[in-house]
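I opened the model today to look up a few local features. My notes are below, in the order in which I checked things.

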Amino acid sequence: MAELAVDSSNEQSIARIEASGMHYQEINEKVRSLIEQGYLRIVLEGVNGQRYIGDGLTSNVDIVVNGVPGNDLGAFMNGPNIFVNDNAQDAVGNTMNAGKIVIRGHAGDVIGYGMRGGKIFVSGDVGYRVGIHMKSYADQIPVIVSGGRAGDFFGEYMAGGILVLLGIGYENKEVVGTYVGTGMHGGTMYIRGDLKDWQLGREVRVFSIDDEDKGVLLALMEEFSDDTTVDVGNLEISDFLKLKPFSHRPYGDLYVY
Amino acid sequence: MNFGDRQGKWVVDEVKVPDACGLSGFINLDGKRIGGEIVRESMSVMRERGNGLGGGYAGYGIYPDFKEHFAFHVMFEDDSGRRICEELLREYTEVEKGEGIPTRQKCEIVDPPILMRYFLLPKREKLESENLEPDDFIVQLVMKINTQVPGSFVFSSGKNMGIFKAVGFPEDVADFYKLESYTGYTWIGHGRFPTNTPGWWGGAHPFNILDWSVVHNGEISSYGINKRYLEMFGYKCTLLTDTEVMAYLFDLLIRRHGLPIEVASKVVAAPFWEEIDQKEEGDKLEESLRMVYGSALVNGPFAVIVGFSRGMFGLNDRVKLRPLVAAVKDETLYVASEEAAIRQICNRPDNIWAPPAGEPVIGRLKGDA
């Protein structure tokens, strides 16, 4: 059985799980049991590839992951904060509703799929199909910020929320692939870098940054920097492009005739 | 040689089998040989990607005592197929050694077929009468056995390498074949999740012809076109899984047509016409490849790791519909479906990255290795 030790020297009540080689079901059972016992911070040591960590949790617990978590980290999550001190794999924050996931490394494909609230911050690059089918309603506005670059299909079918690409280290290089915002019909993307027309989906256009955008970006960048320790101090707001869909319902007439 | 209809009892149906699987492979570029237990360890963290209906490995450099011989690994449904096959082998080849493939009795793998291996060379007079190079002769011999001998399948036919595959989880397959007793400079592993038809021994990955081995995650929707195209060059698809066409395509494109790996990758993962249109005036390579090799384009999602005698490469479909991660540590290149599979056997790589769609990650043995 895994060792479980409570660090009583800290004001908060912290629990540790030695998760090396442990199956994800056992990890999640332990996490849920520790939350019931009132722990506010749970540290998972030696994680490597275990899927579904933190899925479906609704409390305001902090979970620290040391190691590479497996796919679907924080899926359907509704409240907790997850901090990963390493890289992450695919489908982080799948359909999450509230809370925050901070990856202090790079992350894989399909990050924030169908996300409907909360925030995902990734220090480095993200893969293909990030923010695909994100959506928003009233004050439920999901946010993904990546410090690096993104692959193809960034924000595909996006219906709401905010995607930010900081492109740090990719100055004068491509910061995103092709098919950006294909099928997009809601939400906003901010991309620091250059974009060619042929990289864009048919439904999006490039707009210039206004004062409201500036406020949104500055607040997000400050929070991102606090969480990831990535320095954003020298980034110019004027270097960002804004992408929005120019039609609210691009397929609204598809089945009319 | 003539091709006949195959009548084995193992034929389930003439359908392709798409799957969603786990891959891991590594190559030591100095040719340093590493135990098969390492690739087993890597596969163990991706258990969730498979469902126990297929696991397998390819190891290169594992038969140094017979490195000039073609090493046939053959599975037989029963002894009658084995007798016919061995008769054929005696007729066409000099069999230096024939023996059972060593297996562990007490393990999770149940109901195995008869598993044999033969170290052999084509008979010189047969090469002359057929007017064939040894490699082409071996391809035809494999096709002949797989299509004409009931219940017999050659699942490995390269030199100084071997395929080990079964119905089971990858860790159990490694234990069954005593993978820890082999050392190789390249190891490739696969855990299978067959979705449309039952998993069977021949349908486990890797798929192999000569020294080409392919493990695949995805679904090849162009299977029918690729299969018919390959038939024109004498390749017969008999193993009921779409991945088989990939092994034959790389043999055709790289060995027989002499294309570099980078160019063969542009054939199977061809860029979209929109991307080709962005090319500079006069750059006609991609356009020509699409026109010449239209029927070798592999459509649908795939991530593959391909092994060959002097290297290994990983490749994604052109829109990256399946995951693939690569890493380098000193003289070893790693490619896998998940970063965790690499980190399990290489905790601190010098570099770890996600290869872009359609761009191969290639590791080649150094000149003198």
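**Conventions.** I am working from a predicted model, in which local features need pLDDT of at least 70, side-chain atom pairs count only at pLDDT 80 or more, and totals for chains, interfaces and linings use all residues. Residues are numbered from 1 along each chain as its sequence is written, while chains are lettered from A and ligands numbered from 1 in the order in which they are written.

**Chain A against chain B.** I looked up the contact and found 15 residues of chain A meeting 17 residues of chain B; contact here means C-beta atoms, placed from the backbone, within 7 Å. On the chain A side I noted 3 nonpolar, 8 polar and 4 charged residues. Ala, Val, Leu, Ile, Met, Phe, Trp, Tyr, Cys and Pro count as nonpolar, Asp, Glu, Lys and Arg as charged, and the others, Gly among them, as polar.

**Helix 6 of chain B.** Helices (H or I, at least four residues) and strands (E, at least two) are DSSP runs, numbered from the N terminus. Which residues of helix 6 (residues 223–231) of chain B are buried? I found B:Y223, B:N226, B:Y229 and B:L230. They lie on the same side of helix 6 of chain B because they cover an arc of only 135° around the axis, taken from the directions from the helix axis to the C-beta atoms. Buried means 20 or more other C-beta atoms within 10 Å of the residue's own, exposed 12 or fewer, and partly exposed in between. The cover over these residues includes helix 7 (244–256) of chain B.

**Helix 6 with helix 7.** In chain B, the axes of helix 6 and helix 7 are 10 Å apart, at an angle of about 45°. That makes helix 6 of chain B oblique to helix 7 of chain B; under 35 degrees would be roughly parallel, over 145 roughly antiparallel, 65 to 115 roughly perpendicular, and the rest is oblique. I noted B:Y223, B:N226, B:K227 and B:L230 of helix 6 meeting B:V245, B:Y248, B:L249 and B:L252 of helix 7. By class, this contact has 6 nonpolar, 1 polar and 1 charged residues.

**Helix 7 with helix 8.** The axes of helix 7 and helix 8 (residues 261–268) of chain B come within 10 Å and cross at roughly 135°. This pair is oblique too. Helix 7 of chain B contributes B:L249, B:F250, B:L253 and B:I254, and helix 8 of chain B contributes B:I261, B:A264, B:V267 and B:V268. I counted 8 nonpolar, no polar and no charged residues there.

**B:F72.** I located B:F72 in strand 4 (residues 70–76) of chain B. B:F72 is buried because 25 other C-beta atoms lie within 10 Å. Beyond neighbours within four places in sequence, its contacts include B:R117, B:Y118 and B:V154.

**A:D55.** Is A:D55 buried, exposed or partly exposed? With 18 other C-beta atoms within 10 Å, A:D55 is partly exposed. I found A:D55 in the loop between strand 3 (41–48) and strand 4 (62–68) of chain A.

**Backbone checks.** The peptide bond from B:H205 to B:P206 is cis, with omega near 0°. I also noted positive phi in two residues other than glycine: A:H133, near 60°, and B:D111, about 55°. A:H133 is buried, with 21 C-beta neighbours inside 10 Å, whereas B:D111 is exposed, with 7.

Methods: Contact = placed C-beta atoms within 7 Å. Axes fitted to C-alpha atoms, helices over the stretch in contact; angles between N-to-C directions.
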